[in-house]
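Please keep the sequence and the model in view while working through the numbered points.

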Amino acid sequence: MSRIISTYRTSDETGYCEVHFDFKDEIAYIKYFTESGKQFYLEEFPNKSIHYVNDAAENWVNGIKSLPIKENVV
């Protein structure tokens with residue numbers, strides 16, 4: 001069973017991401033979405049704290065973190 005922990009939105013309104021935690025498998029992950037709500041990437045963070053994952057999500061919306069895919073391809 002997973003739960004949304006937090007949601008972050010880009011300042012230019014091009015997308016958002018949700019930090020999730022799967023309590024059964026004890027893993028945190030981030031789902032990345034276009035502004036229209038279409039998911040385009042999923043990033044798992046095994047053995048990382050929820051604080052680490054929240055920081056990663058915040059870094060993405062602030063343009064500090066990039067993803068290993070073209071973000072505008074949906």
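1. Aromatic pairs. Rings of Phe, Tyr and Trp (its six-membered ring) are taken to pair if their centres lie within 6.5 Å; planes under 30 degrees apart count as stacked, over 60 as edge-to-face and the rest as tilted.

2. Basis of the note. The model is predicted: local features need pLDDT of at least 70, side-chain atom pairs count only at pLDDT 80 or more, and totals for chains, interfaces and linings use all residues. Residues are numbered from 1 along each chain as its sequence is written, and side-chain values use heavy atoms, with hydrogens and water left out.

3. Which arrangement do the rings of Tyr 32 and Trp 60 adopt? The two form an edge-to-face pair, at 5.0 Å centre to centre and with 75° between the planes. Tyr 32 belongs to strand E3 (residues 27-34) and Trp 60 to helix H1 (residues 50-61), so that the pair links distant parts of the chain, 28 residues apart. Helices (H or I, at least four residues) and strands (E, at least two) are DSSP runs, numbered from the N terminus. Both Tyr 32 and Trp 60 are buried. Ring pairs also join Tyr 32, Phe 40, Tyr 41 and Trp 60 into a cluster.

4. The nonpolar core. A nonpolar core is a set of buried Ala, Val, Leu, Ile, Met, Phe, Trp, Tyr and Cys residues joined through side-chain atoms within 4.5 Å. The largest one here has 14 residues, and Cys 17, Ile 30, Tyr 32 and Trp 60 have the most contacts inside it. Two or more residues each come from strand E2 (15-22), E3, strand E4 (39-45) and H1. H1 gives the most, with five residues. In soluble globular proteins, nonpolar side chains tend to be buried together.

5. Surroundings of Tyr 32. With contact taken as heavy atoms within 4.5 Å, and residues up to four places away in sequence not counted, Tyr 32 touches several residues, including Cys 17, Phe 40, Glu 43, Trp 60 and Leu 67.

6. Charges over rings. A charge sits over a ring if NZ of Lys or CZ of Arg is within 6 Å of the ring centre and within 35 degrees of the ring normal. Arg 9 lies over the face of Tyr 16, at 4.6 Å from the ring centre. Lys 48 is placed over the face of Tyr 52, at 4.8 Å from the ring centre.

7. The sheet. Two strands pair if DSSP finds at least two bridges between them. Four strands make an open sheet in the order E1-E2-E3-E4, with antiparallel pairing. Strand E1 (2-9) and E4 are at the edges with a single partner strand each, so one side of each has no neighbour in the sheet. On average, neighbouring strands are turned by 20° against each other, direction ignored. H1 lies across E1, E2, E3 and E4, and runs at about 170° to E2; axes are lines fitted to C-alpha atoms, for helices over the stretch in contact, and angles run from 0 to 180 degrees between N-to-C directions.

8. Strand E2 and its partners. Is E2 largely enclosed or left open by the rest of the structure? Seven of its eight residues are buried, so E2 is largely enclosed. Seven bridges connect E1 to E2; Thr 7 stands opposite Glu 18, and Ser 6 has Val 19 as its bridge partner. Eight bridges connect E2 to E3, where Gly 15 is opposite Thr 34.

9. The two hairpins. Five residues lie between E1 and E2 in their hairpin. The hairpin of E2 and E3 has four residues between the strands. There, Glu 26 has a positive phi of about 55°, again without being a glycine, and its relative accessible area of 62% makes Glu 26 exposed.

Note on methods
Buried < 20%, exposed > 50% of the residue type's maximum accessible area, 1.4 Å probe, protein only.
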